[in-house]
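Okay, everyone, thanks for coming. Let me put the model up, and then we'll walk through a few spots together.

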Amino acid sequence: MIDIHSHILPGVDDGAKTLEESIAMCKIAEADGITTIVATPHSMNGLYINKKETVCRKVIEFNQILKKEKININILPGLDLHFYPELLFHLKNGKILTLNNRGCYLIVEFPEVISPHIESICFNLQIQGVIPIISHPERNYFFRKNLQVLQGFVDRGALVQVTAMSITGGFGKEAEKAVKNFLKKNLVHIIATDAHSVNRRPPLLSPAVKVAAEIVGEKQAWAMVTTIPERIINQKRA
Ligand SMILES: [Fe+2]
C-alpha cells in the first residue's frame, strides 16, 4: 500500500518528535503492508513553513537511515499545504513542493469557510496543470455541511483524500458519518493515514480499508490505497 499523507519526518512539525519515533512509525507501517510513504509536513498553517529544499534533503537522509535499519519503506517528498491566497503565485515561482516533487498533484487543506474566491484559485491551479487533492474534508465543518461544494470540486477534477482513522471512528461520530456518506456518494479517491505518531495517530491503512470495503466494495477500497496513489506519485491521471 501507498500512504500519500504522513507526518513521518522527525522534528519538522507536530508529527514524529524524534528520529526514534519516525523509525518506530515506519515499522508499524511496514507491518501493516505499507511500502511507500509520502512525507508531508505541515506547511503554511501559521506554525510551520517547511521549505521545498529542506523537505527534499530530509527525505534523502531519512531514506538512508531506513536502509541501514533494514526497513523496507520508501519515503517520497511532499507537503501538507494549508490553503493560502498566494499559493498560485508561489507555485508559478517553483517554491511549492508538489507530491513526489513532480509538479502534478498537491495536497491542500482548506479553511473552515470556503469562498468562491478560494474555488477560483483552485480552478486556476488546475489551469496551471496542478490537480488539488483535498485533504480530509470529512474533518472540515464546511464540507460536512455543504456536500455540494465538495461535489463541485470533484466535478471540476479535484481529488479527495480522507483520513484512515476518520473511517474507523477515531475522529468522532461527525467525521465518521461524513466520510461514510462521501464514500457512498463516490466522492473519495484516496485513503491516507495523516499519521502523526506511534500511538495517537499511527500509520495504519488496512483497518480503514476493511471498513471502506463494506461501503464501496473490496476492489475500490483497495484501489484507494494502491493503484490510485500509485498513479498519483507517478504523475499519471488518477
Ligand atoms: Fe496532515
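So, the buried residues of α8 pack against α5 (141-145), α6 (147-155), β8 (159-163), α7 (164-167) and α9. Contact here means heavy atoms within 4.5 Å, and buried means under 20% relative accessible area, exposed over 50%, and partly exposed in between, with a 1.4 Å probe and protein chains only. Helices (H or I, at least four residues) and strands (E, at least two) are DSSP runs, numbered from the N terminus.

Quick housekeeping: this is a predicted model, where local features need pLDDT of at least 70, side-chain atom pairs count only at pLDDT 80 or more, and totals for chains, interfaces and linings use all residues. Residues are numbered from 1 along each chain as its sequence is written, and side-chain values use heavy atoms, with hydrogens and water left out.

Back to α8. Which residues of α8 are buried? They are Ala175, Glu176, Ala178, Val179, Phe182 and Leu183. Looking down the axis of α8, these fall within an arc of 165 degrees, so they line one face of the helix; the arc is that of the directions from the helix axis to the C-beta atoms. The face turned away from the buried side of α8 carries the exposed Lys173, Lys177 and Lys184. After α8 comes asparagine 186, with a positive phi near 60 degrees.

Next, the rings. Searching the whole structure turns up five aromatic pairs. Rings of Phe, Tyr and Trp (its six-membered ring) pair if their centres lie within 6.5 Å; planes under 30 degrees apart count as stacked, over 60 as edge-to-face and the rest as tilted. Phenylalanine 110 and phenylalanine 143 have ring centres 5.9 Å apart and planes at 90 degrees, so that pair is edge-to-face. Phenylalanine 110 sits in the loop between β6 (105-109) and α4 (116-127), and phenylalanine 143 in α5, 33 residues apart. Both phenylalanine 110 and phenylalanine 143 are buried. Ring pairs link Phe83, Phe110, Phe142, Phe143 and Phe153 into a cluster.

Last stop, the metal. What are the protein donors of the iron ion? His5 (NE2), His7 (NE2), Asp80 (OD) and Asp194 (OD), at 2.1 to 2.3 Å from the iron ion. Donors are N, O and S atoms within 2.8 Å of the metal (3.2 Å for Na, K and Ca), and water is not among the atoms, so sites may look incomplete. Aspartate 80 lies in strand β5 (residues 80-82) and aspartate 194 in the loop between β9 (190-192) and α9 (206-216), so the pair ties together parts 114 residues apart in sequence. Aspartate 80 is buried, at 0% relative accessible area.
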